[in-house]
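Me: I am new to this structure and would like a close look at a single part of it. Please start with the whole and then work down to that part.

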Amino acid sequence: MTRTFNGAPVPREGVEAAVRAITAHVLDGTFSEWRYSNPIGLAQLEGLSAVQHEVWREPSATRHEELLVHEDALGELGLFWATKIGGPSHGFDVEGQCILP
């Protein structure tokens, strides 16, 4: 958690602060809203219009025969964004390394 994909150091204080913030919002029941409204979440979605932002927040699902890959329903505690954010070479994350929120 303290090295990027390319091996550059990530300050431990920032990682610890992110984990504390995520944990606090999970425990107080505000994580579903906070993950889109915190400064990092807003920065990652900054290129979207208001309509696109609302569509982004909708849970998605992909079915292929018997396989179903999905996110949680609206308001549920879901951490799985892999269906929407890939690696640093695609998606519209403005940073080189995606951050959990």
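What share of the contacts in the protein with a separation of 6 or more comes from residues 24 or more positions apart? After that, please look closely at helix α2 (residues 31–37).

Reply: The model is a predicted one. Residues 24 or more positions apart account for 42% of the contacts with a separation of 6 or more. The protein has four helices and two strands, and along the sequence they follow the pattern α-α-α-α-β-β. Of its 101 residues, 19% count as buried. The protein exposes about 7200 Å², with 61% of that supplied by carbon and sulfur atoms.

Now to helix α2, which covers residues 31–37. Phe-31 and Trp-34 both lie in this helix, three residues apart, or about one turn. Both Phe-31 and Trp-34 are buried. The count of aromatic pairs comes to one. That pair is formed by Phe-31 and Trp-34, with 6.0 Å from centre to centre. The angle between their planes is 40°, and the pair is tilted; the planes would have to be under 30 degrees apart to count as stacked, or over 60 to count as edge-to-face.

Glu-33 also lies in helix α2. Glu-33 is partly exposed, its relative accessible area being 43%. The count of salt bridges comes to one. Glu-33 forms this bridge with Arg-57, and the closest N and O atoms are 2.7 Å apart. Arg-57 lies in helix α4 (residues 50–57), so the pair ties together parts that are 24 residues apart in sequence.

Key
Residues numbered from 1 in each chain as written. Predicted model: local features only at pLDDT ≥ 70, side-chain atom pairs only at ≥ 80, totals over all residues. Heavy atoms only, no water. Phe/Tyr/Trp six-rings, centres within 6.5 Å; stacked < 30°, edge-to-face > 60°. Buried < 20%, exposed > 50% of the residue type's maximum accessible area, 1.4 Å probe, protein only. Contact = heavy atoms within 4.5 Å. Areas by Shrake-Rupley, 256 points an atom, 1.4 Å probe, with all protein chains shown as cover. Salt bridge = Lys/Arg side-chain N within 4 Å of Asp/Glu carboxyl O.
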